[in-house]
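Please read it alongside the sequence and the coordinates.

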Amino acid sequence: MKFFIDTANLDQIREAQDLGILDGVTTNPSLMAKEGISGKEAILNHYKTICEIADGDISAEVLSTTYEEMIKEGDELAAIHPNIVVKIPMIKDGIKALKYFSNKGIKTNCTLIFSAGQALLAAKAGANYVSPFLGRLDDISVDGMNLIEEIRIIFDNYMFETEILAASIRSPMHIINCAKIGADVITSPLDSILNLLNHPLTDKGLAQFVADAKKMS
Ligand code: E4P
């Protein structure tokens, strides 16, 4: 399973990259706005910097919602760096844009997936990734993990190459359950990734080893 970090914060991207387990980055307009990035030049520069820090696929989301504008914006984003993946919303014009980029050999990530039918359409249009939003489904008392399972079954039935990129991760348990179900990728805030490290018995055991090591030196 690939690990992406879901942030536009450069320090957090550096920290995850330094860990040595990072396979890519996802961003969205809300995450970019949180970092105070605004204006076309600043946006393009920020993505360029992210590509210089992190290895792997870097999802950059279009801000527009019509076919013509999305393909213009996506072409500009894709020109920044070969690792850019154009992130397209799950709307009718988005499907057409996915097909356009797929025909051009530009990688895409279809975002805001909340149903198996949406994932199926995006895969048919040639998306490289679909992003089902687990946490936002859980927030409205719908089991987001069921959606990952449904998409896994459908993609396996037809051997779609589209990867399931589980998004809107809220906890280490989301990551573990995605791994059990067979999501291809998780994109997560840094704290949920770091929380995978923790176990009280590890802390207790290490404290004992460190104490005993002192007796040996
Ligand atoms: C996915 O690509 C989105 O950027 C993200 O995972 C959304 O997460 P949120 O629901 O925590 O905003």
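Leaving aside its neighbours within four places in sequence, which residues is Lys87 in contact with? The first point below takes this up, after two sentences on conventions. The model is predicted, so that local features need pLDDT of at least 70 and side-chain atom pairs count only at pLDDT 80 or more, while totals for chains, interfaces and linings use all residues. Residues are numbered from 1 along each chain as its sequence is written, and side-chain values use heavy atoms, with hydrogens and water left out.

1. Lys87. This residue belongs to strand 4; helices (H or I, at least four residues) and strands (E, at least two) are DSSP runs, numbered from the N terminus. With neighbours within four places in sequence set aside, Lys87 is in contact (heavy atoms within 4.5 Å) with Thr26, Thr27, Asn28, Ser59, Ala60, Glu61, Val62, Asn109 and Thr111. Lys87 counts as buried because its relative accessibility is 4%. Buried means under 20% relative accessible area, exposed over 50%, and partly exposed in between, with a 1.4 Å probe and protein chains only.

2. Leu165. Strand 7 (residues 163–166) contains Leu165, which counts as buried because its relative accessibility is 0%. Not counting residues up to four places away in sequence, Leu165 touches Phe4, Thr26, Asn109, Tyr129, Val130, Ser131, Pro132, Val185, Ile186 and Thr187. Asp184 stands 19 residues from Leu165 in sequence, and their C-alpha atoms are 6.1 Å apart in space.

3. Helix 4. The helix covers residues 67–78, 12 residues in number, and reaches 16 Å from its first C-alpha to its last. This is close to the 16 Å expected at 1.5 Å a residue, the expected span being 1.5 Å times one less than the number of residues. Tyr67, Met70, Ile71, Glu73, Gly74, Leu77 and Ala78 are buried in helix 4. An α-helix has 3.6 residues a turn, so residues three or four places apart point the same way. What covers the buried residues of helix 4 includes helix 3 (40–53), strand 3 (57–61), strand 4 (84–89) and helix 5 (92–104).

4. Helix 4 against helix 5. How do the two helices cross, and at roughly what angle? Their axes come within 9 Å and cross at roughly 40°; axes are lines fitted to C-alpha atoms, for helices over the stretch in contact, and angles run from 0 to 180 degrees between N-to-C directions. Helix 4 and helix 5 are therefore oblique to each other, where angles under 35 degrees count as roughly parallel, over 145 as roughly antiparallel, 65 to 115 as roughly perpendicular and the rest as oblique. The contact is made by Tyr67, Met70, Ile71, Gly74 and Asp75 of helix 4 and by Asp93, Gly94, Lys96, Ala97, Tyr100, Phe101 and Lys104 of helix 5. By class, the contact of helix 4 with helix 5 has six nonpolar, two polar and four charged residues. Here Ala, Val, Leu, Ile, Met, Phe, Trp, Tyr, Cys and Pro count as nonpolar, Asp, Glu, Lys and Arg as charged, and the others, Gly among them, as polar.

5. Helix 8 against helix 9. The axes of helix 8 (residues 144–157) and helix 9 (residues 172–181) come within 10 Å and cross at roughly 25°. Helix 8 and helix 9 are therefore roughly parallel to each other. On the helix 8 side, Met145, Ile148, Glu149 and Arg152 meet His174, Asn177, Cys178 and Ile181 in helix 9. By class, this contact of helix 8 with helix 9 has four nonpolar, two polar and two charged residues.

6. Arg152. With neighbours within four places in sequence left aside, Arg152 is in contact with Ile164, Ile181, Gly182 and Asp184.

7. Ser141 lies in the loop between helix 7 (134–139) and helix 8, and its phi is near 65°, a positive value in a residue other than glycine. Ser141 counts as exposed because its relative accessibility is 72%. Met159 lies in the loop between helix 8 and strand 7, and phi of Met159 is near 50°, again positive in a residue other than glycine. Met159 is exposed, with a relative accessible area of 71%.
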